[in-house]
Amino acid sequence: MTSQMSVDQPVTYTADEMMTVSAARALRDGMTCFVGIGLPSSAANLARATHAPSLVLIYESGTIGAKPGQLPLSIGDGMLAETADAVVSVPEIFNYWLQPGRIDVGFLGAAQIDKFGNINTTVIGGDYRSPKVRLPGAGGAPEIAASCREVIVVVRQSHRSFVERVDFVTSVGYGSGPGDRERLGLTGAGPKKIITDLGVLEPDPETLEFTLTGLYPGVSAATAKERTGWDLAIAAEPEIIAAPAPAELDALRRFQGMRARSHQ
């Protein structure tokens, strides 16, 4: 992918960089954000380093207002506690901050996700006791999906990850459609965006089925449809999402470079 600043100064970037920048842009200054490790952490830290300096990062380990100078390796990375405004117990993070709806947005990844935003990070294969693949599991994701005011999912788009029906519901999105979250007593609004390496999906206001509403430069709706395991709905005029700006790429690559050097 290439973004043309001028004829003589093209800016090149990878699909993962585009996805991370797009996820970072979804965060607003002053938000409280429950952050996972991996691409969600990269996106949240990028947002804080660029357009959202007052973004409050909360990690499952109990750190509130963490300001890491480089990307953490895990939720238990010592730099999170060293740079946090406060460190509390894990039960307090969940019982006081997350479950009562005090956190604006949760970032989640997925091994599988379906058209209603239900997430699987538990097993691949229909037999729970003898699956084809046993995944890391739930962690705090079900609580994040249930209670955050909104959820953003960051996942690479393929037939393996975008399936008609997840093999196991680890974290509930919209269940099987309208009314399921209310029936289950889930207080958060549910997933508002799925950000992929091709574009952005958002729930239809009526059916809650995820619809392709944005594409990255050079990506076609046909490509997105081909890499989806259900009959993907596409907005009448999908937005063409702006390519990463040089400042966004510089900040992201600086974070990634510091992590690589410090953990050699």
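How many nonpolar, polar and charged residues does the lining of the second largest pocket have? Hold that thought while we set up. This is a predicted model, so to speak: local features need pLDDT of at least 70, side-chain atom pairs count only at pLDDT 80 or more, and totals for chains, interfaces and linings use all residues. Residues are numbered from 1 along each chain as its sequence is written, and side-chain values use heavy atoms, with hydrogens and water left out.

Start by selecting Gly36, Ile37, Leu108, Gly109 and Thr121, which lie nearest the centre of the largest pocket, among its 27 lining residues. A pocket here is an open set of points on a 1 Å grid over the protein atoms alone, where a 1.4 Å probe fits, with protein on both sides within 12 Å along at least five of seven lines; lining residues have an atom within 4 Å of a point. The space in this one is about 620 Å³, counted as what probe spheres set on the points fill. Its lining splits into 18 nonpolar, 7 polar and 2 charged residues.

Next, grab Ser22, Arg25, Ala26, Lys193 and Glu239, which are among the residues lining the second largest pocket. Its volume is about 170 Å³, and the lining has 4 nonpolar, 3 polar and 4 charged residues. Gly counts as polar here, and Asp, Glu, Lys and Arg as charged.

Last stop: Leu208, in the loop between S14 and S15. Leu208 has a positive phi of about 70° without being a glycine.

Notes: Helix = DSSP H or I, 4+ residues; strand = E, 2+ residues; numbered from the N terminus.
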